[in-house]
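I opened the notebook to record what I looked up in this structure, entry by entry. The entries follow below.

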Amino acid sequence: MDDWRTDAACQEVDPDLFFPVGTGSPALTQAEEAKKVCRRCPVREPCLRSALEQPHPPSGVWGGLTEAERHSLERRARRRAGDRR
């Protein structure tokens with residue numbers, strides 16, 4: 001269940017902040033600003049867990065990580081588990 005969402009710090013800011021467009025400097029700056037919100041969030045871990053459990057990984061910043069960072073985290077976890085996908 002997603003009850004954690006009601007306590008999320010992102011509820012206090014424009015949701016577009018968490019969905020940077022592109023890979024250039026403005027998008028990287030926007031992602032860093034989103035991560036600052038995540039760092040002070042009391043439900044960062046359940047947010048990240050929710051993003052990682054999605055059948056199709058969501059875009060944007062979730063649980064303080066970008067889509068690319070979450071993908072990297074999952075790859076490292078698979079390697080540790082012996083799965084070389």
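This is a predicted model: local features need pLDDT of at least 70, side-chain atom pairs count only at pLDDT 80 or more; totals for chains, interfaces and linings use all residues.

**Entry 1. After helix α3.** Just after α3, I found Gly82 with a positive phi of about 90°. I then looked up the helix itself: α3 runs over residues 67-81 and has 15 residues. From its first C-alpha to its last I read a reach of 21 Å, close to the 21 Å expected at 1.5 Å a residue.

**Entry 2. Arg76.** I located Arg76 in helix α3. I recorded it as partly exposed because its relative accessible area is 38%, which falls between the limits of 20% and 50%. I also looked up its separation from Trp4, a residue 72 places away along the chain, and noted 26 Å between the two C-alpha atoms.

**Entry 3. The nonpolar core.** I next turned to the largest nonpolar core, which holds 14 residues. Trp4, Phe18, Cys41, Val43, Val61 and Trp62 are the members that touch the most others. I asked which elements give two or more residues to this core, and found α1 (25-39) and α2 (44-53). The most comes from α1, with four residues.

**Entry 4. Val61 and Thr66.** Val61 is in contact with Phe18, Ala31, Ala34, Lys35, Cys38, Thr66 and Arg70. I then took up Thr66, which lies in the loop between α2 and α3. I counted Thr66 as buried because its relative accessibility is 19%, and the cut-off is under 20%. With the near neighbours in sequence again set aside, Thr66 is in contact with Ala31, Lys35, Gly60 and Val61.

**Entry 5. Salt bridges.** How many salt bridges does a search of the whole structure find? I noted four. I kept in mind that side chains of opposite charge can pair when their charged atoms come close.

**Entry 6. Arg40 and Glu12.** I recorded a salt bridge between the side chains of Arg40 and Glu12, at 3.4 Å from N to O. Arg40 lies in the loop between α1 and α2 and Glu12 in the segment before α1, so this pair ties together parts 28 residues apart in sequence. Arg40 is partly exposed, at 48% relative accessible area, whereas Glu12 is exposed, at 60%.

**Entry 7. Glu33 and Lys36.** I looked up a second pair, in which the closest N and O atoms of Glu33 and Lys36 are 3.2 Å apart. Both residues belong to helix α1 and are three residues apart, so about one helical turn separates them. I read a relative accessible area of 37% for Glu33, which is partly exposed, and 45% for Lys36, which also counts as partly exposed.

**Entry 8. Glu69 and Lys35.** I found Glu69 in a salt bridge with Lys35, with 2.6 Å between the closest N and O atoms. This pair links distant parts of the chain, as Glu69 sits in helix α3 and Lys35 in helix α1, 34 residues apart. Is Lys35 buried or exposed? I counted Lys35 as buried, at 8% relative accessibility, while Glu69 is partly exposed, at 29%.

Conventions:
Residues are numbered from 1 along each chain as its sequence is written. Side-chain values use heavy atoms; hydrogens and water are left out. A nonpolar core is a set of buried Ala, Val, Leu, Ile, Met, Phe, Trp, Tyr and Cys residues joined through side-chain atoms within 4.5 Å. Buried means under 20% relative accessible area, exposed over 50%, partly exposed in between (1.4 Å probe, protein chains only). Contact means heavy atoms within 4.5 Å. The expected span of a helix is 1.5 Å times one less than its number of residues. Lists of a residue's contacts leave out its neighbours within four places in sequence.
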